[in-house]
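Trainee: I'm new to this one, and I'd like a close look at a single part. Could you take me through one spot and then show me what lies around it?

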Amino acid sequence: MHPHELRTPIASLDVAVAKPDPAPSAVTLADRLGRQLDRIDHLLDGFLAEVPHSTAR
């Protein structure tokens with residue numbers, strides 16, 4: 001899974017926040033989701049670094 005795959009579902013939220021005078025609730029939600037997605041990216045990177053790569057036979 002690539003980081004962009006995690007962030008794709010909130011693309012419309014990113015667009016809403018980028019508009020002039022975005023709704024405060026959208027800004028708050030985008031900030032919270034962004035921080036959590038960064039955390040997930042970090043956790044996945046750590047997990048994938050620990051998983052041994054299988055070799056093709």
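What is the relative accessibility of Pro-22, and how does Pro-22 count on that basis?

Mentor: Happy to. Before we start: this is a predicted model, where local features need pLDDT of at least 70 and side-chain atom pairs count only at pLDDT 80 or more, while totals for chains, interfaces and linings use all residues. Residues are numbered from 1 along each chain as its sequence is written, and side-chain values use heavy atoms, with hydrogens and water left out.

Now, your residue. Pro-22 counts as partly exposed because its relative accessibility is 26%. The cut-offs are simple: buried is under 20% relative accessible area, exposed is over 50%, and partly exposed is in between, with a 1.4 Å probe and protein chains only. Pro-22 sits in the loop that runs between α2 (11-18) and α3. Leaving aside residues up to four places away in sequence, Pro-22 touches Ala-16, Val-17 and Val-27, where contact means heavy atoms within 4.5 Å.

That loop also holds Asp-21. Asp-21 counts as exposed because its relative accessibility is 76%. Have a look at its backbone too: phi is near 50° there, a positive value in a residue other than glycine. For background, most residues other than glycine have a negative phi.

Step back for a moment and you'll find three helices and zero strands in the chain, following the pattern α-α-α along the sequence. Helices (H or I, at least four residues) and strands (E, at least two) are DSSP runs, numbered from the N terminus.

On to α3, then. Its 27 residues reach 40 Å from first C-alpha to last, close to the 39 Å expected at 1.5 Å a residue; that expected span is 1.5 Å times one less than the number of residues. Buried residues in α3 are Ala-26, Ala-30, Gly-34, Leu-37 and Asp-41. Across the chain, buried residues make up 12% of the 57.

Asp-31, also in α3, is partly exposed because its relative accessible area is 43%. Asp-31 and Asp-14 are 17 residues apart in sequence, with their C-alpha atoms 9.8 Å apart in space. Asp-31 forms a salt bridge with Arg-35, the closest N and O atoms being 3.0 Å apart. By the rule used here (a side-chain nitrogen of Lys or Arg within 4 Å of a carboxyl oxygen of Asp or Glu), the count comes to one salt bridge. Arg-35 and Asp-31 are separated by about one helical turn because they lie four residues apart in helix α3.

Further along helix α3 (residues 24-50) comes Ile-40, partly exposed because its relative accessibility is 36%.
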